[in-house]
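Welcome! Let's take a friendly walk through this model and the surroundings of its ligands.

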Amino acid sequence: MDEAKVGAFPARARADFMHEVANTPRGRGVLLCIQCGRCTNSCPVARTTDEYNPRKLVETVILGLRKEVLLGNLPRYCLSCFTCLDRCPQGGDIGEVMFAIRNLAAKEGNVPEGIIVQAKNLFETGRVVTPTRMALIQRERYGLSKDISIGIDEAQKILKKTSFVELISKKV
Ligand code: SF4
Ligand code: SF4
């Protein structure tokens, strides 16, 4: 028997990958998929590019092609519009599954540079985006504090406890 192709599975497949995704918070929907393709027909991203197709993505997960899913650009296409949830006859929420996949990809170090910059801002300032001068003027107008350092300690405590800091420091 050709060991590179045992049954329908390519040699690089990992049979446990589907369960790795399913056991991640938000990843359970992957177990419900019957590969009908309704999600792809309604996905606004799939209409504009051949590179992303939610049905095919789930198939790739089911086939155990972990590297293909986690190490490339696939985790980045989904817009989280959740149209696929409305259309799925199984109630499989691919928009949610994409969050699970993004989290696993991040653990593998696959995080876009722009997200790392925002993550570092969040750790250093307690905010993803530093308020503009105009935003500070408006805060003052509404009687809010102009001191944007409030809450940094609390934010950092949460980010340290959730291993967020280790994750972003791998990319610094
Ligand atoms: S609509 Fe649901 S069941 Fe059909 S392929 Fe998409 S995720 Fe799978
Ligand atoms: S949530 Fe993502 S996969 Fe689902 S329809 Fe929207 S863009 Fe497509």
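Below come the model and its confidence, followed by the two ligand shells.

## The model and its confidence

This is a predicted model, in which local features need pLDDT of at least 70 and side-chain atom pairs count only at pLDDT 80 or more, while totals for chains, interfaces and linings use all residues. Residues are numbered from 1 along each chain as its sequence is written, with chains lettered from A and ligands numbered from 1 in the order in which they are written.

The average pLDDT (the predictor's confidence in each residue, from 0 to 100) is 88 for the protein, and 92% of the residues score at least 70. Residues 1-6 have a pLDDT below 50, and this stretch makes 5 contacts in the model beyond near neighbours in sequence. Here, a contact means that the C-beta atoms of two residues, placed from the backbone, lie within 7 Å.

## Around ligand 1

Ligand 1 is surrounded by 15 residues (C-beta atom, placed from the backbone, within 6 Å of the ligand), and the closest are Cys-33, Cys-36, Arg-38, Cys-39 and Cys-88. Two elements give two or more residues each to this shell: α2 (38-42) and α3 (54-62). Helices here are DSSP runs of H or I, at least four residues long, numbered from the N terminus. The largest share, 3 residues, comes from α3.

By class, the shell around ligand 1 holds 8 nonpolar, 4 polar and 3 charged residues. Ala, Val, Leu, Ile, Met, Phe, Trp, Tyr, Cys and Pro count as nonpolar, Asp, Glu, Lys and Arg as charged, and the others, Gly among them, as polar.

## Around ligand 2

Which residues come nearest to ligand 2? Of the 15 around it, they are Cys-43, Cys-78, Cys-81, Cys-84 and Gly-95. At least two residues of the shell come from each of α5 (83-87) and α6 (94-107), and α6 gives the most, with 3 residues. The shell around ligand 2 has 12 nonpolar and 3 polar residues, with no charged ones.
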